[in-house]
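Happy to go through this one with you.

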Amino acid sequence: MCGVYGGKQGDKGKCLYKSKFPDQSVSMGTLGRDTLQFTTTSDNGKMRVPMIAFGCGTHNAGGGFGDEYSGILGLGPGETSLVRQIGSSQFSFCIGSLIINDPYSHLIIGDGATIEGNPTPFEIYQDSYYVKLDGISIGDKQLAIDRKVITNSVTFDLRTPTTYLPKGAYEVLSAEVTRLNQGKLELVDMVSDRLCFLGHVSEDVKYFPDVRIQFSEGACLALPPESLFDQTFGDAFCMTIESSEKDLTIIGFFAMQNYNVGFDLVEKQMYLEYVECEIA
């Protein structure tokens, strides 16, 4: 397993690893193994799985880490992910409202996973799942985004708060958001590479039209104002979408609020369903 982590043997037989993630976050440390205990969905019983490998990070840096995070849980198709180590063919997670810190947010691995909603096919590349971006709309308006920047390189990343779009797509989206708020809100330059306004999300943009990120075969994420904007400062808020340095599109967890996301690893389908996590 040490080699799978890209690690090398250190002192006293320890495996020293270094992992890099799609958002350029990096974790370095020592590989360990332990028995993990899970609650079963069928009867709320307990199941213990021995010899699960994990990284004990001693140096963690990048957007995927912060004071409020205790680590990264891998759900990808690679051998190091928890899903692969357990041997499951499906999993789902539901992200509730971040404003109220929804206690019903959850992750389900195995037969109890919620595989419902609108499907879109995914491909596997470099230990990540990728779907195809079809377009972006605001309200009833389909944005005129150059098809050259509509790519297959779209991944969902629970480590990343913000969503990253290719520069060409982001510029069209941010221009339309700015136009819709023109004469109503004052632009402020407070966060590099993010569109920010003076005001409060709960008051000043509560009627802003949903932004819909569309994927192949009809699946989409609808971002209401509380998902599209974040009250970054006391008197200013910023869009939770910014420009990517590469052509890669990363969907962050702000955009996934109030969605159940299910992965069928056999059929290679990802499912999106707008739902209250308490009933998902």
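The questions below concern a predicted model and set its values against the cut-offs.

Q: Why is the pair C94 and C277 called a disulfide?
A: Their sulfur atoms are 2.1 Å apart, and the cut-off is within 2.5 Å, so the pair qualifies. C94 sits in strand β5 (residues 90–95), while C277 belongs to the segment after β23 (269–274), 183 residues apart.

Q: What makes the disulfide of C94 and C277 left-handed or right-handed?
A: The torsion about its S-S bond is about -90°, so this disulfide is left-handed. For C196 and C238 the torsion is about 100°, so that disulfide is right-handed.

Q: How do you know that C56 is in no disulfide?
A: The nearest cysteine sulfur, that of C15, is 11 Å away, whereas a disulfide needs sulfur atoms within 2.5 Å.

Q: Why is S27 called buried?
A: Its relative accessible area is 7%, and the limit is under 20%, so the label holds. The S27 side chain also makes a polar contact with the side chain of N60, at 2.8 Å.

Q: How do you know that the span of helix α2 agrees with its 15 residues?
A: At 1.5 Å a residue, α2 (residues 167–181) should span 21 Å, and its end C-alpha atoms are 21 Å apart, so the two agree.

Note on methods: Residues are numbered from 1 along each chain as its sequence is written. This is a predicted model: local features need pLDDT of at least 70, side-chain atom pairs count only at pLDDT 80 or more; totals for chains, interfaces and linings use all residues. Side-chain values use heavy atoms; hydrogens and water are left out. Helices (H or I, at least four residues) and strands (E, at least two) are DSSP runs, numbered from the N terminus. The expected span of a helix is 1.5 Å times one less than its number of residues. Buried means under 20% relative accessible area, exposed over 50%, partly exposed in between (1.4 Å probe, protein chains only). A polar contact is a pair of N or O atoms within 3.5 Å; within protein, one must be able to donate a hydrogen and the other to accept it, and residues adjacent in sequence count only if both atoms are side-chain atoms.
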